[in-house]
Amino acid sequence: MKLPVLSQNSAEQEKSCQSLGLIARKLLRKRVVIPVLACVLAGAFALRLAGGGQSVSAAGLSYTTAPVERRDITAQITGSGALEAANSYSVTSLVEGSILTAGFEEGDQVEEGTVLYTIDASDLSSSLEQAQISLDQAQRTYNNRLKELEKLSVTAPKAGRVFSLEVEAGDEVSVGQTLATLRNWDTMTLKVPFLADEAAGFSVGQSASVTLESTFETLEGSVSKVEPSSTVLEGNMIVRYVTVEVSNPGALSTEHTGSAEIDGCASSGSAAFDYAAEEIIAAEVSGWVASIQAQEGSWVNKDGVILTLTSDSVDDNLQSAADSLRNAELSLENRQDQLDNYTITSPIQGTVIDKNYKAGETSEAGKVLCSIYDLSYLTMTLNVDELDISDIAVGQKVRITADAVEGKTYAGVVTKVSVAGTSSGGTTTYPVTVRIDETEGLLPGMNADAAITLQSASGVLAIPSGALNRGNTVLVTAGSPSASKGTLVENGEEAYYSVPVETGASDSGYIEIVSGLQEGDTVAYVPAASSGGFTMTMMPGGMGGGVPFSNGAIPSGGAIPSGGGHGGGRGGS
């Protein structure tokens, strides 16, 4: 049968070829074998597709065959990179000075906080002492200002009644000005002399009787004080003064006099009564009367508030003192922080990799004194193509090999998938961090290869990737068991059958067949053909298969190299 030849003008052919090239690049990077519309090239073959169970004729095509067989399929993304320590730290000095101690060596294991270096800090000692003195002075000033603030609340030094108020709310007062008079006339006191020998036997709280000289009325009271020293009166009488307190029945005043008797001993004389308490309360700070809490005649307990003052100067002085105190604290903290810089400790637990300064040498600010690596595990970074990054997730297992350790495979795990990509040459890659816990034989800086398994299947039916056509169909030979359910495709004297299939896992060379084929089937497909320097695989029906490299095979790793650096490409095994 003569087949019609499809034709295009030159411009259309060129445009079609460019489009196919772009599609081919994407397919190779994605590593999924999906047929594409072939570019119509000058002198190329012509095909005609018959639908609905009719036959398809293909003239002049050379097919290759392959058995449907069971095999293992593993799809991987591979890449390489340099190994790095879990954590590394360059220990630097912030100060310059003579190194007093450096008690460690290269290769030593150190804990976090281990003292590595001590540097002479004698020049800092005097400034630290001065900062402490300034802080103490600022603290004393602040305490005094607090006391001034407390003095704005005028309180009763003793319990008593407010006899008089000398100010009103809103009045301005100055230091020393009388504000109120406090008097306790509920209790009266009588201070009288007793013979010294008799008074020596008295005690505070002892009962006493008081006789009023004007009415000879007797009042019961108690001893509140016995003078410790004696006094000589006229006639060489040696006495001690004893103070007796009595409750005021209401009529006693300081104009009344009386005598006392204690334990059968009479006083050697009489005296005038006095109030138990009488205080003239004066302002200790200047300001204004803000409020009055106790009125004239009211009872106030000891330390009870009588009135409250307000003062801008007191508030300002307190704030200024607080600021000075804080500045002094910061100055001392700064000096102490500087002192800490003279003792250099390990910031991490790890191994000392190098030691650049020894005891007796002079450290320089900003210079690296030593380096420490945390070798509890190693990491490496893979740069994964944008078309593959969605297949990578934290927790995926990674197979690690290194040229420096032959015949050994290490287990890794993905710990980080960064969203910060880097674009170069129209392609974006994303860094993926892999952690390796078992590291025997590995060292930071070594180059390692990594493989991340995306999908795998064991002992499954599989065909070469190039045998899968668009629409998930496969050509089988006439003698295949599955030919009976396919559509006839004629190729000269040869006949093949197009069979629909369901696919599963795939790698760079093979695709799993879930249904549609069986063992004993033989697939047929057009191998890679080259024309005009552009290589592609032809599929029946005029469809291009996977677009390989110029050698006609998809390369190991399944990726078109996209520049330098760590590569992450999909591959299979």
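**Close-up views of a predicted chain**

At 13% relative accessibility, threonine 379 counts as buried, where buried means under 20% relative accessible area, exposed over 50% and partly exposed in between (1.4 Å probe, protein chains only). The model is predicted: local features need pLDDT of at least 70, side-chain atom pairs count only at pLDDT 80 or more, and totals for chains, interfaces and linings use all residues. Residues are numbered from 1 along each chain as its sequence is written, and side-chain values use heavy atoms, with hydrogens and water left out.

View 1. Threonine 379 is placed in strand 28; helices (H or I, at least four residues) and strands (E, at least two) are DSSP runs numbered from the N terminus. Not counting residues up to four places away in sequence, threonine 379 touches Ala82, Leu83, Glu84, Ala85, Thr433, Val434 and Ile436, contact being heavy atoms within 4.5 Å. Threonine 379 is the bridge partner, in strand 28, of glutamate 84. Arginine 435 in strand 32 is also a bridge partner of threonine 379.

**View 2. Strand 28 and its antiparallel pairings.** Two strands pair if DSSP finds at least two bridges between them. Strand 6 (residues 84-92) is joined to strand 28 (residues 368-385) by eight bridges, and the two run antiparallel. Eight bridges also connect strand 28 with strand 32 (residues 427-436), again in the antiparallel sense. Strand 26 (residues 350-355) runs antiparallel to strand 28 and is joined to it by four bridges. Within strand 28, tyrosine 373 is the bridge partner of threonine 351.

View 3. Strand 22 (residues 287-292) and strand 24 (residues 305-310) run antiparallel and are joined by four bridges. Isoleucine 292 has leucine 307, in strand 24, as its bridge partner.

**View 4. Helix 2 and its buried residues.** Helix 2 (residues 122-150) contains 29 residues and reaches 43 Å from its first C-alpha to its last, close to the 42 Å expected at 1.5 Å a residue. The expected span is 1.5 Å times one less than the number of residues in the helix. Leu124, Leu128, Ala131, Leu135 and Ala138 are the buried residues of helix 2. An α-helix has 3.6 residues a turn, so residues three or four places apart point the same way. The cover over the buried residues of helix 2 includes helix 4 (312-340).

**View 5. Threonine 218 in strand 15.** Threonine 218 lies in strand 15 (residues 218-226). Because its relative accessibility is 47%, threonine 218 counts as partly exposed. Leaving aside neighbours within four places in sequence, threonine 218 is in contact with Ser209, Val210 and Thr211. Glycine 258 is 40 residues from threonine 218 in sequence, and the two are 9.4 Å apart in space, C-alpha to C-alpha.

**View 6. The whole chain, for orientation.** The chain contains four helices and 44 strands. Of its 573 residues, 39% are buried. Among contacts between residues at least 6 apart in sequence, 72% join residues at least 24 apart. The chain exposes about 29,700 Å², of which carbon and sulfur atoms supply 47%; accessible areas come from the Shrake-Rupley method with a 1.4 Å probe, and for residues only the protein chains shown count as cover.
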